[in-house]
Amino acid sequence: MTTLLVRNAAVLVTMDEERREIADGGIFVEDGFITQVGPTDQLPSTADEILNLSGHLILPGLINTHHHFYQNLTRVVPAAQNSNLFEWLVTLYPIWAGLRPDDVKISTQLALAELALSGCTTASDHLYIYPGACRLDDEIEAAGVIGLRLHASRGSMSLGESKGGLPPDSVVEEENEILKDSQRLIETYHDPEPGSMVQIVVAPCSPFTVTPDLMRESALLARAYGVKLHTHLAEDVDEEVFCQDRFNSRPLTLAESLDWAGEDVWFAHAIHMNADEVSRMAASGIGVAHCPSSNMRLASGIAPVQRYLSAGVKVGLGVDGSASNDSSHMLAEARQAMLISRLGSAVAPEIHGDDSLLTARQALEMATLGGAKVLGRTDVGALKPGMCADFIAISLNRIEFAGAQHDPVSAVVFCHPVNVDYNYVHGKPVVAEGEFLGLEIEDLITKHNKAAQELINR
Ligand SMILES: [Zn+2]
């Protein structure tokens with residue numbers, strides 16, 4: 001058995017049932033799982049490894065519920081800088097059509113390194129485009145050397161332009177191939193056990209890129225194996241118009257009619273949902289990946305997060321793909337979630353509430369426990385006995401927090417987003433003393449920039 005003692009933290013945020021914040025706190029870890037949490041003087045005094053975190057804030061590792069790693073290669077593409085969703089997609093599809101397996105690998109590693117430095121310990125990714133020889137295996141294998149937990153979504157697009165969909169025919173796949181490959185991936189990689197490092201998710205891309213048949217068949221397949229279902233929904237007004245024209249239905253009603261409702265379903269964005277739809281989502285247990293930066297970047301709208309939280313809908317945070325953010329910073333996303341909700345309260349109080357503003361602690365809860373619930377994980381998202389030792393630590397002695405020492409927990413959301421000093425997954429360091437440990441970061445950036453340039457010119 002290997003033991004780890006983490007001690008002397010200025011404050012340790014547990015996200016346990018009482019939402020305890022423990023001064024001079026620490027944890028004791030055995031083989032990657034937490035066995036004790038409390039003030040340092042109540043913990044054992046020896047261990048195989050001892051990490052002294054005086055002057056640091058400790059939080060549960062942050063959980064990213066929506067991303068497209070490959071889009072790191074197409075950040076800030078000039079032609080797609082100033083468009084909303086549909087035009088942005090139509091501009092980028094032809095570039096993404098040139099993706100190769102090595103592009104998937106290098107962008108996966110870069111995105112995960114950036115996420116790790118921003119405090120992420122569990123990342124969900126949605127890969128929905130498979131040109132040439134690209135496979136989800138490329139992403140899973142590349143992620144293995146980084147050390148974060150991965151929820152890899154086998155995304156898909158089957159409704160090309162010639163059949164009334166948005167993407168060009170060159171980037172869509174045959175539906176029976178999609179389902180066969182999804183099944184193969186689940187059988188090869190999916191691990192549902194506590195402490196799991198890889199889980200597979202079945203994830204048709206959106207109502208305007210797949211057929212209703214594929215949505216229904218995907219739900220059947222996922223439920224046969226007990227894996228989660230994920231898609232983009234109610235992201236944009238153009239999508240609402242598409243659903244109305246093609247299916248005479250609003251997006252949620254369409255999803256429900258295809259068996260996409262339940263605890264095993266989560267939607268990215270879910271911006272344009274009315275009060276009745278929010279209640280239906282709460283009743284069926286559907287979760288939300290809230291992606292505030294992307295929603296502002298593409299002028300998509302403001303998700304009704306206060307309404308979701310009061311109704312009891314599970315809400316996690318997502319940085320979304322890096323072509324629409326254009327960053328993979330989890331603490332920055334928590335800050336944007338807090339700020340955009342407050343803006344919503346000012347411009348549309350009837351939707352976003354006007355009696356209480358979203359707090360920094362609520363934003364942190366979405367980034368940790370909320371994300372865990374959305375992904376269906378009961379072993380991460382909080383620091384308490386039995387949970388995985390996934391935690392981050394941030395030094396409070398930095399210029400960003402100068403003058404904010406009266407509330408260091410809120411400071412990491414209110415003040416300028418920082419990179420973390422320590423990031424541990426399952427009791428093992430991924431970031432230590434502010435340095436990413438998995439790969440040589442300069443080399444990774446050089447390779448990634450070269451791949452990005454080649455992709456754009458391909
Ligand atoms: Zn997305």
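View 1. The model is predicted, so local features need pLDDT of at least 70 and side-chain atom pairs count only at pLDDT 80 or more, while totals for chains, interfaces and linings use all residues. Residues are numbered from 1 along each chain as its sequence is written, and side-chain values use heavy atoms, with hydrogens and water left out. The ring centres of Y93 and W96 lie 6.1 Å apart with the planes at 85°, so this pair is edge-to-face (rings of Phe, Tyr and Trp, the last by its six-membered ring, pair if their centres lie within 6.5 Å, and planes over 60 degrees apart count as edge-to-face).

**View 2. The zinc site.** The zinc ion has as protein donors H66 (NE2), H68 (NE2), H232 (NE2) and D320 (OD), which lie 2.1 to 2.5 Å from the ion; donors are N, O and S atoms within 2.8 Å of the metal (3.2 Å for Na, K and Ca), and water is not among the atoms, so sites may look incomplete. Along the chain, the donors follow the spacing H-x1-H-x163-H-x87-D. H66 is buried at 0% relative accessibility, and H232 is likewise buried, with a relative accessible area of 7%.

**View 3. R154 and the ring of Y130.** The charged end of R154 sits over the Y130 ring, 4.1 Å from the ring centre, where the criterion is NZ of Lys or CZ of Arg within 6 Å of the centre and within 35 degrees of the ring normal.

Conventions
Buried means under 20% relative accessible area, exposed over 50%, partly exposed in between (1.4 Å probe, protein chains only). Rings of Phe, Tyr and Trp (its six-membered ring) pair if their centres lie within 6.5 Å; planes under 30 degrees apart count as stacked, over 60 as edge-to-face and the rest as tilted.
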